[in-house]
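Please open the model in your viewer and keep the sequence panel beside it. The stops below say what to select next and what is to be found there.

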Amino acid sequence: MEQLNVLVTGGAGFIGSHLVDALIERGHRVRVLDRLIAQVHGAKNGDAQPLHLDSDAELVRGDVCDRDVVERALDGVQVVYHQAAEVGVGQSMYEIERYVQTNDMGTAVLLEALSKKRDAVRKLVVASSMSIYGEGAYSCPACGVVHPQLRPVAQLLERRWEVECPTCGSPLAPVPTPEEKPLFPTSVYAITKQDQEQLCLVVGRAYGIPTVALRYFNVYGPRQALSNPYTGVCAIFSSRLLNDQPPLIFEDGEQTRDLTHVSDIVQANLLALETDRADYQAVNIGTGAATSVEEVSRMLAHGLGKDIEPEIVGKYREGDIRHCVADISRARDLLGYEPQVSLERGISELLDWVRQQKAADQVARATAELEARQLVH
Ligand code: UD1
C-alpha cells in the first residue's frame with residue numbers, strides 16, 4: 001500500500017499508540033493529536049513525549065475541541081483515525097459536561113474541519129463502542145431472540161443478577177450481539193460514543209468521506225493505564241493484584257464480557273483502511289468469546305503468581321450490563337477480520353507488561369466516588 005499521511009486523534013493513549021506503531025511499521029507518516037491528560041498519562045508527564053509513543057510520530061499536543069489546533073493537525077492529512085475520547089463509564093455519570101464536551105464537541109470540531117477537506121481525505125475511522133448496545137442480545141426459550149433493557153432496580157436489589165425475559169419472565173441465555181441490535185446506551189459515556197459514531201457516519205456520507213465506525217468490545221493489553229481507575233476490568237484487577245489487594249467483584253462474578261486484545265483492534269483499524277467494503281458501516285470488533293469477570297480475576301492472579309482470592313462484594317454498579325459478546329460475522333465478511341490473540345496468550349502478554357509497572361491503586365477512591373453519588377448499590 002502507498003505511504004499515506006495519517007492523523008490519529010488520541011494517538012498517545014492506550015489503543016491509539018498501538019495503532020500508531022502499526023501504521024509507522026507499514027511506512028505511513030503519522031501525526032498524533034493528543035492532550036496528554038494527567039488521568040491517563042500521569043501528572044508528571046508535562047510536555048514530554050509519552051514513553052510508549054513512537055518517536056517517529058509527530059506529536060501535536062492539543063485539544064480536539066480547539067478548532068485552530070485541529071485544522072493545523074489536519075494539514076496534508078489523507079486518513080483520520082478518531083480515537084480521542086474521555087473513556088470512564090462511571091466517571092461520565094458525574095463529569096457529564098466534560099464527557100459531552102470532549103467526545104461530542106471534539107467530534108463536531110473535527111468533522112467541521114474535515115468537511116472543508118473532503119477531497120483530500122480518503123478515510124475516516126472512528127472508535128465506537130459496544131457500550132452503545134446496553135445489554136447484549138439474549139435468547140428466551142419461549143420468545144426467541146430478545147433485546148432486554150437494563151435489569152429492573154427491584155430485581156437487582158434482590159440480587160437476582162441474570163437477565164429475565166421482558167415478555168414472559170423466563171431466564172435468558174446470552175447470544176452473540178449483531179450490529180442490528182437496537183441501541184440502548186446506559187451511560188453518558190455510551191451516549192457520547194453513539195453520538196461520535198453517528199456524527200461521523202452521517203457527515204462522512206454527506207461529504208463523500210469514506211467512513212467506518214468500529215464498535216470495540218472490551219479492550220485489554222499493554223499500556224492500558226493501570227493507575228486510571230476508570231479503565232477496563234483487566235487493568236483495574238491487575239493494578240489491585242500488583243498492590244497485593246484482592247480484585248473487587250461487583251454482582252456475583254458470573255457476568256461476562258468479550259475481552260479483545262488491543263492488537264486485534266489494531267488489525268481491524270488497518271483493514272478498514274485497506275478495503276472499501278466496510279465504508280459507511282458500523283462493525284463489531286471483538287472475539288466472539290465470552291469470559292466471566294471471576295475467570296478474569298483468577299487468570300490474572302494465577303499469571304502474576306499471587307494467591308489472592310477476589311472479593312465478591314455483591315453490590316452492583318449503576319448502568320452495568322450483565323452480558324455482551326460480539327457477533328463478528330460482519331467484520332469477517334466486510335473486513336476479512338479474524339481475531340488472532342487467544343485470551344490465554346493475551347493475558348500472559350498483558351502481565352509481562354504489568355510486571356514492569358508500578359501502579360498506584362486508585363480503585364478504592366474511584367469506588368468511593370461512585371458510592372458517594374449512589375452509583376454503586
Ligand atoms: C464499559 C463500556 C465499554 C468500555 C469499558 C472501559 C459499557 C456497557 N461498556 O464496559 O465500552 O470500553 O467500560 O471503559 O458501558 N467489574 C468488577 N470490578 C471492578 C471493575 C469492573 O466487578 O473493579 C465488573 C463490572 O461490574 C462489569 C465488568 O467487570 O460487570 C466489566 O467492567 P468494565 O471493564 O468496567 O467494562 P464494561 O462496563 O463492560
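Begin by selecting Leu 4 and His 28: the backbone nitrogen of Leu 4 lies 3.0 Å from a polar atom of the His 28 side chain, a polar contact being a pair of N or O atoms within 3.5 Å, where within protein one must be able to donate a hydrogen and the other to accept it, and residues adjacent in sequence count only if both atoms are side-chain atoms. His 28 sits in the loop between helix H1 (14-25) and strand E2 (29-34); helices (H or I, at least four residues) and strands (E, at least two) are DSSP runs, numbered from the N terminus. At 6% relative accessibility, His 28 counts as buried, where buried means under 20% relative accessible area, exposed over 50% and partly exposed in between, with a 1.4 Å probe and protein chains only.

Before going further, note that this is a predicted model, in which local features need pLDDT of at least 70 and side-chain atom pairs count only at pLDDT 80 or more, while totals for chains, interfaces and linings use all residues. Residues are numbered from 1 along each chain as its sequence is written, and side-chain values use heavy atoms, with hydrogens and water left out.

Next, select strand E5 (residues 123-129), where seven of the seven residues are buried, so the strand is largely enclosed by the rest of the structure. Lys 123, Val 125, Ala 127 and Ser 129 point one way from E5, whereas Leu 124, Val 126 and Ser 128 point the other way.

Now turn to the ligand, which 20 residues surround, the closest being Ser 129, Val 233, Leu 248, Arg 257 and Asp 320; a residue is near a molecule if one of its heavy atoms lies within 4 Å of it. What lies around the oxygen atoms of the ligand? A backbone N or O atom of Val 87 is 3.2 Å from a ligand oxygen, an N or O atom in the side chain of Gln 255 is 3.2 Å from a ligand oxygen, and a polar side-chain atom of Arg 317 lies 3.0 Å from a ligand oxygen. The protein covers 93% of the 730 Å² of accessible area that the ligand has on its own.

Select helix H8 (233-242) and strand E11 (248-249), each of which supplies at least two residues of the shell around the ligand; H8 gives the most, with three residues. H8 is mostly covered, eight of its 10 residues being buried, among them Cys 234, Phe 237 and Arg 240. Just after this helix, Asp 244 takes a positive phi of about 55°.

Finish with the cysteines, for the structure holds zero disulfides, a disulfide being a pair of cysteine sulfur atoms within 2.5 Å. The cysteine sulfur nearest to that of Cys 140 belongs to Cys 168 and is 3.5 Å away, and Cys 140 counts as buried at 3% relative accessibility. The sulfur of Cys 324 is 16 Å from the closest cysteine sulfur, in Cys 234, which is too far for a bond, and Cys 324 counts as buried at 2% relative accessibility.

Methods
Accessible areas come from the Shrake-Rupley method with a 1.4 Å probe; for residues, only the protein chains shown count as cover.
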